[in-house]
Amino acid sequence: MPTSESSVSPRKITVLGAGAWGTAVAIALAARHDVLMWGRNGGAMEAMAGARENSAYLPGCAFPAGLKVTADFDAALAHVLGTPEAEAPLLIAACPVAGLRPLLMQLKAHAISHIVWLCKGFEGDTGLLPHQVVAEVLGSQVAGGALSGPSFAQEVARGLPCALTVASRSEMLRERVVSSVHGGNIRVYSCDDLVGVEVGGAVKNVLAIATGVADGLGLGLNARAALITRGLAEITRLGTALGGTPGTFMGLTGMGDLILTCTGDLSRNRRVGLGLAQGKPLDAIVAELGHVAEGVPCAKAVRALALKLGVDMPITNAVAGVLFDGGTPQAMLAQLLARDPRDEIA
């Protein structure tokens with residue numbers, strides 16, 4: 001059971017990354033803990049310190065008194081590494097998947113005992129999930145875990161309710177994350193299915209692009225429901241092929257995150273699909289977003305992985321065809337509708 005927030009004394013937490021989601025998590029945790037958020041852009045961090053908000057990514061979301069910011073990487077680590085393990089400090093990586101390996105290489109010179117990451121996706125060059133990247137760079141002696149679930153940064157920063165899941169093979173780390181993060185308007189569940197949680201968080205972004213295309217083409221709510229449902233089947237097939245537990249994909253990091261990302265107006269990946277349906281070039285869509293849309297690089301990685309494993313993922317393949325092969329949204333739709341009938345549960 002989650003620890004009651006009233007029974008947990010304030011802890012020292014470092015968030016490495018000052019984008020929208022990292023900032024939102026830092027804001028939420030700083031209401032109860034001593035939080036230091038690090039970003040590599042010294043000018044941007046100085047501006048945040050003065051304005052007491054992240055004007056670039058979360059304008060209007062004021063920093064609580066418990067949140068401090070810095071561009072000094074050593075100082076950010078000292079905030080938690082200088083704290084006794086008995087006080088359960090928490091180190092959180094809040095970078096995109098593409099930035100995870102470089103960040104871990106910076107951490108390699110420091111004696112960290114654990115790390116929790118917020119990123120969702122597959123590493124572009126290697127096709128690895130985040131936990132595989134962590135193990136490759138830091139080794140198995142460092143306890144690692146993913147904090148994931150249906151959560152838009154703007155809503156979390158505003159203090160609206162959400163539910164997340166921490167996945168780790170380390171019971172100690174799961175308990176540390178639950179006791180630190182659970183409380184206020186955030187509910188945290190836990191599990192040991194790291195693969196399942198990461199696959200759900202990654203592939204749902206690809207399917208949100210597909211749903212955005214369908215909505216942009218005016219295909220209606222029936223089509224949206226079909227894409228989400230059959231998209232969940234694709235997530236489950238790939239996740240179980242990689243060793244995930246089937247039940248995980250019916251939870252927050254599978255079905256929950258999929259529904260939110262496919263239907264919410266704050267979804268960046270859904271907005272990519274809407275732009276594609278309008279005939280906009282991908283480069284222009286991404287530039288307009290001003291944020292990372294993880295579904296774009298993820299579509300390429302997932303298509304390659306599914307082909308390698310022999311996993312049927314027609315929606316993902318259709319999205320990748322539009323993104324990378326010069327296909328049109330109309331051709332994507334025709335490709336999906338032309339498929340032969342099959343048993344639904346297969």
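Over which residues does pLDDT stay under 50?

1. Confidence. This is a predicted model. Its mean pLDDT is 94, and 98% of the residues reach 70 or more. The stretch where pLDDT stays under 50 is residues 1-6. For residues 1-6 the model has 12 contacts beyond four places in sequence. Where pLDDT is low, predicted coordinates should not be read in detail.

2. The annotated segment. The unreviewed UniProt entry places a "transmembrane region" at residues 12-31. In the model, the chain over residues 12-31 is 55% helix and 25% strand.

3. Helices α4 and α5. Two packed helices are described by the angle between their axes and the distance between the axes. Helix α4 spans residues 97-107 and helix α5 spans residues 130-138; they pack at about 30°, with axes 10 Å apart. An angle under 35 degrees counts as roughly parallel, and α4 is therefore roughly parallel to α5. The crossing of α4 past α5 is right-handed. On the α4 side the contact is made by Leu 100, Arg 101, Leu 104 and Met 105. The α5 side supplies Pro 130, Val 133, Val 134, Glu 136, Val 137 and Leu 138. By class, the residues of this contact are 8 nonpolar, no polar and 2 charged.

4. Helices α8 and α14. The axes of α8 (residues 194-216) and α14 (residues 314-324) come within 9 Å and cross at roughly 65°. The two helices are therefore roughly perpendicular to each other, and their crossing is left-handed. From α8, Val 203, Val 206, Leu 207, Ile 209 and Ala 210 take part; they meet Ile 315, Thr 316, Val 319 and Leu 323 of α14. The contact of α8 with α14 holds 8 nonpolar residues, 1 polar and no charged.

5. Helices α9 and α14. Helix α9 (residues 221-241) also packs with α14, at an angle of about 100° and with the axes 8 Å apart. That makes α9 roughly perpendicular to α14. Leu 227, Arg 230, Gly 231, Glu 234 and Arg 237 of α9 make this contact with Pro 314, Ile 315 and Thr 316 of α14. Its residues divide into 3 nonpolar, 2 polar and 3 charged.

6. Residues of α14 in both contacts. Ile 315 and Thr 316 meet α8, and Ile 315 and Thr 316 are also listed in the contact with α9. Val 319 and Leu 323 are among the α14 residues that meet α8, and Pro 314 is one of those that meet α9.

Notes: Residues are numbered from 1 along each chain as its sequence is written. This is a predicted model: local features need pLDDT of at least 70, side-chain atom pairs count only at pLDDT 80 or more; totals for chains, interfaces and linings use all residues. Side-chain values use heavy atoms; hydrogens and water are left out. pLDDT is the predictor's confidence in each residue, from 0 to 100. Contact means heavy atoms within 4.5 Å. Axes are lines fitted to C-alpha atoms, for helices over the stretch in contact, and angles run from 0 to 180 degrees between N-to-C directions. Helices (H or I, at least four residues) and strands (E, at least two) are DSSP runs, numbered from the N terminus. Angles under 35 degrees count as roughly parallel, over 145 as roughly antiparallel, 65 to 115 as roughly perpendicular and the rest as oblique. A crossing is left-handed if the near helix is turned anticlockwise from the far one by less than a right angle, and right-handed if clockwise. Ala, Val, Leu, Ile, Met, Phe, Trp, Tyr, Cys and Pro count as nonpolar, Asp, Glu, Lys and Arg as charged, and the others, Gly among them, as polar. UniProt positions are given in the numbering used here, feature names are shortened, and annotations may be inferred rather than shown by experiment.
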